[in-house]
Amino acid sequence: MFDNRASKLFALSLVAAVAACGGGGDAGGAGGGEPAGGGAPVAVANAGTINGTVDFTGTAPANERIDMSAEPTCEAKHPGGPMKETVVASNGKLKNVFVYIKEGLTGTYPAPSETVTVDQVGCHYTPHVIGAVVGQPVAYKNSDGLAHNVKAQPTNNRPFNISQPNNMTSAPQRFASAEIMIPVQCDVHGWMEMYVGVVAHPYFAVSGDDGSFTIGNVPPGTYTLEAWHEKYGLKTGQVTVEPNGTATVTFAYDAAMANAYVPLGKLFDPHRHAEPAPRVVADASATH
Ligand SMILES: [Cu+2]
């Protein structure tokens with residue numbers, strides 16, 4: 001089950017005594033690189049926090065340059081040249097990794113009423129990766145002053161394709177089932193893509209520019225976490241959250257994982273995801 005090329009063990013440790021009562025906060029990945037937490041607040045006794053970091057070793061591949069010349073107003077919003085966001089890694093940290101509690105929760109969690117909003121700016125989706133609770137509204141805003149469309153291609157959920165004329169925000173969409181991950185794409189601008197993680201609870205986050213993430217308001221317990229990246233696939237880890245405590249976790253991605261299996265809804269590129277069976281690249285250990 002282990003990929004030797006990516007054999008760095010998780011360093012899981014518990015840091016005692018930090019009382020946490022984070023309400024989850026922003027449900028999406030943060031546009032400014034701040035780590036983003038999960039969905040709506042849920043009343044939890046003695047809640048704790050999971051603080052994590054996504055490490056990246058090896059040489060990150062250069063992202064593909066986008067030919068945006070057909071949309072000069074969008075292109076002008078990228079002074080350094082428009083680039084895809086497939087791998088955003090710096091200082092040994094990996095951004096845009098979706099992390100969620102996969103196993104260990106026993107409760108049921110209502111859909112937050114708070115809308116998760118994704119903007120379209122410079123013919124990019126912002127954020128590039130978000131999470132939402134099953135049933136939570138997700139809206140798409142268009143700040144570009146030109147036409148986009150938003151096409152979601154899930155496997156477990158109802159697909160949709162929304163036309164978005166200038167500067168309007170879509171009606172909220174709701175995903176009825178958990179799904180890791182749902183690709184979203186613009187038919188007008190083929191380079192525009194982003195990903196939605198839908199989970200049945202609010203305990204998820206997306207790593208920021210510094211690779212960090214925080215999942216707050218977590219019921220005490222032992223959990224299996226899963227991390228997802230659009231190119232490097234999956235990692236898992238175990239963590240124990242003590243009452244009112246803070247647990248820490250590190251996910252170790254490696255450039256050698258470039259051919260990892262990446263779970264996704266309907267596929268953008270059949271060649272990229274042509275592996276016949278899921279291969280979960282995972283390594284984890286825990287110290288308490
Ligand atoms: Cu578009």
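Helices here are DSSP runs of H or I with at least four residues, strands are runs of E with at least two, and both are numbered from the N terminus. On that basis, the chain has 1 helix and 18 strands.

Two points on the ground rules. This is a predicted model, where local features need pLDDT of at least 70, side-chain atom pairs count only at pLDDT 80 or more, and totals for chains, interfaces and linings use all residues. Residues are numbered from 1 along each chain as its sequence is written.

Now the overall numbers. The chain has 288 residues, and 44% of them are buried. Buried means 20 or more other C-beta atoms within 10 Å of the residue's own; exposed means 12 or fewer; partly exposed is in between; C-beta atoms are placed from the backbone. Next, contacts, which are pairs with C-beta atoms, placed from the backbone, within 7 Å. Take the contacts with a separation of 6 or more: 72% of them join residues 24 or more positions apart.

On to the strands. I call two strands paired if DSSP finds at least two bridges between them.

Start with strand 16, residues 221-229. Strand 5, residues 98-103, pairs with strand 16 in the antiparallel sense over 5 bridges. Glutamate 103 sits opposite threonine 224 there. Strand 16 also runs antiparallel to strand 17, residues 233-241, with 9 bridges. Threonine 222 has threonine 240 of strand 17 as its bridge partner. These two strands make a hairpin, with 3 residues between them.

A parallel case: strand 6, residues 116-121, pairs with strand 9 over 5 bridges. Valine 118 is opposite tyrosine 140 of strand 9. Strand 9, residues 138-142, has two faces: Val138, Tyr140 and Asn142 are on the covered one, Ala139 and Lys141 on the uncovered one.

Last, one residue. Valine 218 belongs to strand 15, residues 212-218. Why does valine 218 count as buried? Because 29 other C-beta atoms lie within 10 Å. Beyond its neighbours within four places in sequence, valine 218 contacts Ala47, Gly48, Thr49, Ile50, Tyr203 and Val241. Its C-alpha atom is 9.8 Å from that of isoleucine 101, 117 residues away along the chain.

Key. Contact = placed C-beta atoms within 7 Å.
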